[in-house]
Amino acid sequence: MNLHNIAMVAADTTRTKFYMNELIKNKLLPNYVLLLLNNNSKLLPGQKDFNTKNDLICQLKDNGIKYDIASNSNINSDEAITSIANRSEQVFIFSGFGGVLLKGKILDIGKKFLHIHGGYLPDYKGSTANYYSLIEQNVIGASAIFLTKEIDCGPILLRNFFSPPRDRTKIDHISDSKVRAKVLVECLQNYIDSGSWKYELESNRGGETFYIIHPVLKHLTILGNSALQ
Amino acid sequence: MIYYEYTKVNRIDTPHTYMYTKYQGSKFIDSYFKDRFKSLNTLQQIKENKNKNNLFLYSKSSIVLKGILDEHIFDESLKEITAWTKNIKLGGTILDDTCINIASLTTFNISNKVNSEQLLQSLIESQLNKGDEFLIKFWLDLLVQRFEVTKKIYENYPVNFRKGKGKNDIIHLYCLFSLSLTLFYCNTKSIKYLSTLLKVTDLLCSLGKDLLNRKILPQILSLILLVELLNVKLLSNTIDGVNFESS
């Protein structure tokens, strides 16, 4: 089924690929997709290779999903903002390039941006939070939120813990994306079932903000099979 | 052989983003240990240092750090280095008269401009004297956030601790910051601070010997590196295939 009020902003990353696969598998098709493509010769954060772009376009065509390729791949650019503002859908699933934050201007256009954070909120905010939760508790998590100006502080629609991945060498591009995609699907299913956005925790306060994990600790997390503390 | 890239160029001039770093197996951990030992050896070669900045704080801190190391001597080869650091005349009452006026952490206010050196001195003094943990975390978190975003510590931070102002290449500020992070991690075992500490020490180890010699006390950085190595070793104790080799 097409989700008439829901669109998607999608960069050509491995995470978007996981999201699209799960949405298609569960017949939860966004009404429209704005594609942010990397036209440089260098990979951007969140990209593993350059094949994703063609795969994504094929998937969209095969499933009859309307899409446009953004004239400017920067989500905060005036061109991208205008494209989104002109759409009728009120909610956009956000799956941009790694490390990109939505600035005030786009957050003020009156649309909601549904983001799936890699980490259990509010405890694990910030970047690479699942590495930290593996070190501390041997679990990973994902949380669905609507984006606000404060990073990872928007109201929580749904959050879940997951068992640690069997192959920890693929956390960045596979395990983290997989659990986010699961939460995305469950969140959209809840919306369809209830007809409105229900919050698991509206007040997303407290917790700890993490920053990109140092490679030494990243390696220890991958090499370890249990919590390290 | 795996190359520990994070200290190979001056990381004040060329910061590393640490984004999506490649997994290289257990040999990467060996390369980290080897690189840190290389830095420790370099620091040992610095014979004389006339830099007396923050000597009082370093003196007090060195007693705490040596205490941590004494509890966990984890490698024979480290004994030589810890013995070397014990010979450093940093501890003791002779330095009491060099005590500078360190403002209480309670006097800092986010509504005012903040001088980084004064804040770091105050933070460390408070950490050494078991001061208000909430206040220590509040100010340290602000510095961590600023450093993680820019990979720099600036001379000053304006109202609301926004974008830093002034110089960002004052090496002893990075040394004070690494000391504060070390004390905080040892006290709380919160991994977030060890992660930032590793980045700050990468930056310090990436600077040339001459630069370090002129700007910091090599003894205190050696102690910080040893405590960092100890903590990484403690985390890796349960992992098969991670061997601590200092040679």
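Reader: Which residues does Leu184(A) touch, not counting residues up to four places away in sequence?

Author: Leu184(A) touches Tyr19(A), Glu22(A), Ile93(A), Ile116(A) and Ala144(A), once residues up to four places away in sequence are set aside. Keep in mind that this is a predicted model.

Reader: Which residues touch the most other members of the largest nonpolar core?

Author: That core has 127 residues, and Leu184(A) is listed with Val9(A), Phe92(A), Ala144(A) and Phe177(B) as touching the most other members. Its largest share, eleven residues, comes from helix H9 of chain B, residues 218-236.

Reader: Now the strands, please. How should I think about side chains there?

Author: Here is the general idea: side chains in a regular strand alternate between the two faces of the sheet. Now look at strand E7 of chain A, residues 112-117.

Reader: How many of the six residues of E7(A) are buried?

Author: Five of the six are buried, so to speak a mostly covered strand.

Reader: Which way does E7(A) run relative to strand E6 of chain A, and relative to strand E9 of chain A?

Author: E6(A), residues 91-95, and E7(A) run parallel and are joined by three bridges. For an example, find Val91(A), whose bridge partner in E7(A) is Lys112(A). E9(A), residues 140-146, runs antiparallel to E7(A), with four bridges between them. There you can pick out His115(A), which has Ile145(A) in E9(A) as its bridge partner.

Reader: And how do I describe two packed helices?

Author: In general, you give the angle between their axes and the distance between the axes. The crossing is left-handed.

Reader: Which residues of H1(A) and H2(A) meet?

Author: From H1(A), Thr14(A), Thr16(A), Lys17(A), Met20(A) and Ile24(A) take part; from H2(A), Thr52(A), Asp55(A), Leu56(A) and Gln59(A).

Reader: Where does Asn63(A) lie?

Author: Asn63(A) sits in the loop between helix H2 (52-62) and strand E5 (66-69) of chain A. Leaving aside neighbours within four places in sequence, Asn63(A) is in contact with Ile24(A) and Leu29(A). Asn63(A) and Leu29(A) are 34 residues apart in sequence, yet 8.3 Å apart in space, C-alpha to C-alpha.

Reader: Why is Asn63(A) called partly exposed?

Author: Count the other C-beta atoms within 10 Å: there are 14 around Asn63(A). Buried needs 20 or more and exposed needs 12 or fewer, so Asn63(A) is partly exposed.

Key: Residues numbered from 1 in each chain as written. Chains lettered and ligands numbered in written order. Predicted model: local features only at pLDDT ≥ 70, side-chain atom pairs only at ≥ 80, totals over all residues. Core = buried A, V, L, I, M, F, W, Y, C linked by C-beta atoms within 7 Å. Helix = DSSP H or I, 4+ residues; strand = E, 2+ residues; numbered from the N terminus. Contact = placed C-beta atoms within 7 Å. Pairing = 2+ DSSP bridges. Left-handed = near helix turned anticlockwise from the far one by under 90°.
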